[in-house]
Amino acid sequence: MSLIYKFPLKMHVGAACKSIVNTKDTVKRGQCIAIPEGLGAKIHSSVNGIVKEVTGEYILIQADELQSKEYIKIEQCNSIKDICFEAGIVGAGGAGFPTHVKLSAEIPGGTIIANCVECEPVLYHNISLIEQSPELVIKGIKYAMEAVKAENGIIAVKEKNKNAIISLKNALEGYEDITIKELPDIYPMGEERTIIHEIFGKWLEPSQLPLEANCVVLNTETLANIVRAVDEGKPVIDKDITVGGKLANGNKQNVFFQVPIGTPVKEMIAKCEGIDGEYGEVLIGGPYTGVAGDMDNDSVTKTSGGIIVTIPFPRYEDKVALLVCACGANENRLRYIAEKMGSEVVSVLPCKNLEHIKGSNKCKTPGTCPGQAGVVLQFKKAGAKRLIISNCSDCSNTVMNSAPGLGLGVYHHTDHVFRTVDHELTRRL
Ligand code: SF4
């Protein structure tokens, strides 16, 4: 049976794209189907098929029974930046910032940082890609260096990923201008400003961009997509993704390389033999920043990192307080979890490191705790019996230093995800 592929018109930072196809049009894999109006990135069909529906939010394409790996190549371009625009490349790590905009800068003497941190536990497709094809990352760095006139490249990777580091070291022989920076395994080590702090020893302000440290940060898969576009003329039509959790084929990660964008989430779960009995939610993304998905309507996008099916939420029919982190779950996500648990929310406070910048939450120093004893005391006064927190590793540690002593239980918003996959809970460092 042929599948319906769904292409949201907003898979990037910026405004939704405008469709350039109509219902009943025949489309080919690689064909551009939507263009940006302002900040954004082109969208291409990942399948051969017929357009079934076009709305202001998405395009549905009914795929032909028989598909091919062949695709329509992007137009010839004179610069790497223009190639990235034609190919519709965006930050594949979840942010979705258009890559051609990042590569519009010139940073003579500057640095391309490859964000190979894969900070979200459970997700493993980026590290798998590095283990198997380190040359894609290295070549991507070289192309990015050429685009912005950078002088060197640094690959940021967690020290725990030994095989990936060996693989990179072997592939880097003969490259004098690219080095590896090994980072500790704490959350959110993959946050751009945290990586910059680890490399250059200096914090950027929450409103500052990496350019102010004379660097550009690009994620593993984004770099691979640059190489595919430059060398093969391939637009972003396929996505690497990790599927895990409460699945009939076990609770270990399943890594899928180059899945056609638009593939239904349900289809990816079916590739893992389906859901194993009762479940809590289908999380789209990683344990820290993922959101509850809709199995019947969601599809793989340019920024989907993971699909994780979790165990049911625990019940806690009592008063809770929510502690919001800029780098983990936001207030809406914590309220969703509280509701699923049957809890009554009596207080909500942000971590005092959290700032609102242009409509989004930013942390002053991601991963470095300002101390949480004050908010824990306020929650106690508000009558909370338990805290639901979304903090980084360091802040969760400080919550644990004060909350249990005051008789307050602690639930980290990742708990039901980590229990599903037998991963250590976020508590003390
Ligand atoms: S310091 Fe606060 S806002 Fe920043 S990452 Fe940690 S918990 Fe989140």
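**Close-up views of a predicted model**

View 1. Helix α5 spans residues 162–171, and Ala164, Ile165 and Leu168 are buried in it. Viewed down the helix axis, the buried residues of α5 fall within an arc of 100 degrees, so they line one face of the helix. An α-helix has 3.6 residues a turn, so residues three or four places apart point the same way. The cover over the buried residues of α5 includes α3, α4 (134–148), β9 (152–158) and β10 (178–183).

**View 2. The five-stranded open sheet.** The strand order is β13-β12-β16-β14-β15, and the pairing is mixed. Strands β13 (254–260) and β15 (291–292) stand at the edges with a single partner strand each, so one side of each has no neighbour in the sheet. Helix α3 (residues 125–132) packs on this sheet and touches β12 and β13. The direction of α3 makes about 120 degrees with that of β12.

**View 3. Pairing of β12 with β13.** Strand β12 covers residues 238–245 and runs antiparallel to β13, with five bridges joining the two. Lys239 has Val259 in β13 as its bridge partner. In a regular strand the side chains alternate between the two faces of the sheet.

**View 4. The hairpin of β19 and β20.** Strand β19 (residues 354–357) pairs with strand β20 (residues 360–363) in the antiparallel sense, over four bridges. Glu355 has Lys362 in β20 as its bridge partner. Two residues lie between the strands of this hairpin, and Lys358 takes a positive phi near 45 degrees.

**View 5. The shell around the ligand.** The ligand is surrounded by 15 residues, of which Cys325, Cys351, Cys363, Cys392 and Cys395 are the closest. By class, the shell holds 12 nonpolar and three polar residues, and no charged residues.

View 6. Glu75 sits in the loop between β7 (58–63) and α1 (80–87). Glu75 has 11 other C-beta atoms within 10 Å and is therefore exposed, the cut-off for that class being 12 or fewer. From C-alpha to C-alpha, Glu75 and Gly233 are 7.6 Å apart in space, while in sequence they are 158 residues apart.

Technical notes. Residues numbered from 1 in each chain as written. Predicted model: local features only at pLDDT ≥ 70, side-chain atom pairs only at ≥ 80, totals over all residues. Near = placed C-beta within 6 Å. Nonpolar A, V, L, I, M, F, W, Y, C, P; charged D, E, K, R; others polar. Buried ≥ 20, exposed ≤ 12 C-beta atoms within 10 Å, placed from the backbone. Pairing = 2+ DSSP bridges. Contact = placed C-beta atoms within 7 Å. Axes fitted to C-alpha atoms, helices over the stretch in contact; angles between N-to-C directions. Arc of directions from axis to C-beta.
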